[in-house]
Amino acid sequence: MGKLPLWVGCGAGFSGDRIDAAIPVVDTLRKREGQRTLIFETLAERTLALAQIARRANPDKGYEPLLDLFLPPILGACLEHRIAIVSNFGQANPAGAARRIAELARQAGLRAPRIAVVTGDDLTARPDSAHVLAQAGLTHRGELLSANAYLGAEPIAAALRDGADIVVTGRVADPSLVVGPALAHYGWDAGDWARLGPATMAGHLLECGSQVSGGYFADPGYKEVPDLAHVGFPIARIDADGACEIGKAEGTGGVVDRRTVTEQLLYEVHDPAAYLTPDVVADISHARIAETGPNTVALSGVRGHARPPTLKVNAYYEGGWLAEAEISYGGPRAESRARLAADVVRARLGDQVRLRVDLIGVLSILADDRGSLLAQHPDGGARDVRLRLAATFLRREDAEALTREVNALYCCGPAGGGGVRSAIRPRLETRSGYVDRDLVPASYEIYQ
């Protein structure tokens, strides 16, 4: 009791986020009294799949590709002011990320940070991986590339208690990046559901970066957001009971109000009374959201229930190749010519290829992979159309047939096509299952 509060700021909400967003967050955190932590949330299912591909190509890679841009602007200030950094930018290679962070500190002439690497999520590294995956119902004929369990906050908390300046994880649940520092700071028991529930939702508000401070919220003429070009990233004060007050970095654009917090609170939540995480089942059915000042909102009334007995597992398998190609048509009857071009390519590839057809700007966001909606959608006479064709193939040489056929439209018609661009990429298939948490022990190692 009587402990100073915990302040947690977010420097990134996804891999590819703005590289300068953390600077004003750190500048604000250093002025706060209490324990300060900066999180970077850079890992989604798709991101981890791409990281696995990168690690296959180069065993030294597979961690967050923007690491060299995210950390140098703030690393010195965090080490000087004892602002802990917790992030899942280890992705498919947490140890590789730790090595690179140590090198970045050395190059900058900083003291050597104490870096902890959370282990246990990579099930393929275990000799009994086949047994564990079978328990999760994950069997597949294709080549298994990786399988990762969603870990919780406990190893993060243990590493922080051990004096880690930086904690690098692979696959942990996004809110656990915040719950871990709260566990470490307040000394909560890992079964204190009443506190873990609200702390988890504090993490949920922070995990997507500027979504809660106006970024994904903005909709001109309907939901106005000031100075969106300089939108500030969020900072939360988490109290001893797990409740939080959320704001944003000082001197930045954006807005934090009841509306932005409500949207983010409900984001990706299927059952408001049972938001499942590895740490707790959070219940927001009685949550209260109150504006407490300019750009500050308090969240209270969140409940917590006993955590699930299982952990989610994502497994990635080789999935062949994705080929996609685009070509533009403009002027009178542009849409008709784009539709004809799609028919030509479909006829050339044959019925065995399931071709996705997008008329970008006309029918793409609400289209479908079988192209059936295109036939139901009448020609609207659009004069500016970008045609995108895509399909998956088991063999790369078959994928190349699609890109060749689209390129051939230049002269083989219809008229007026131009600006062809194409790409062929390896594809991963993702399958999910659940495994008894006792089969997935998690820990951490101090990088030496």
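Visitor: How many cavities of 30 Å³ or more does the count come to?
Guide: The count comes to one cavity of 30 Å³ or more. A cavity is a set of points on a 1 Å grid over the protein atoms alone where a 1.4 Å probe fits but cannot get out. This is a predicted model, in which local features need pLDDT of at least 70 and side-chain atom pairs count only at pLDDT 80 or more, while totals for chains, interfaces and linings use all residues. Residues are numbered from 1 along each chain as its sequence is written, and side-chain values use heavy atoms, with hydrogens and water left out.

Visitor: How much space lies in the largest cavity?
Guide: About 30 Å³, where a volume is the space filled by probe spheres set on the points.

Visitor: And which residues line the largest cavity?
Guide: The lining includes Glu-154, Leu-196, Asp-279 and Arg-307; a lining residue has an atom within 4 Å of a point. By type, the lining has five nonpolar residues, three charged and no polar.

Visitor: Leu-196 is in which helix, and is Leu-196 buried or exposed?
Guide: Leu-196 is in α9 and is buried, meaning under 20% relative accessible area with a 1.4 Å probe, protein chains only. Eleven of the 14 residues of α9 are buried.

Visitor: How far does α9 reach?
Guide: From its first C-alpha to its last, α9 (residues 193-206) reaches 20 Å, close to the 20 Å expected at 1.5 Å a residue. The expected span is 1.5 Å times one less than the number of residues. Helices here are DSSP runs of H or I with at least four residues, and strands are runs of E with at least two.

Visitor: Change of topic. What is the order of strands in the open sheet?
Guide: The ten strands run β11-β12-β8-β7-β1-β2-β3-β6-β4-β18, with mixed pairing. Two strands pair if DSSP finds at least two bridges between them.

Visitor: Which are the edge strands?
Guide: β11 (288-293) and β18 (443-446), each pairing on one side only.

Visitor: How many bridges join β11 to β12?
Guide: Five, and the two strands run antiparallel. β11 and β12 form a hairpin with two residues between them, and Asn-295 in the turn has a positive phi of about 60°.

Visitor: Which side chains of β12 are buried?
Guide: Val-297 and Leu-299, which point to one face. Val-297 is the bridge partner of Ile-246, and Leu-299 is that of Ile-289.

Terms used
Buried means under 20% relative accessible area, exposed over 50%, partly exposed in between (1.4 Å probe, protein chains only). On a 1 Å grid over the protein atoms alone, a cavity is a set of points where a 1.4 Å probe fits but cannot get out, and a pocket is an open set with protein on both sides within 12 Å along at least five of seven lines; lining residues have an atom within 4 Å of a point. Ala, Val, Leu, Ile, Met, Phe, Trp, Tyr, Cys and Pro count as nonpolar, Asp, Glu, Lys and Arg as charged, and the others, Gly among them, as polar.
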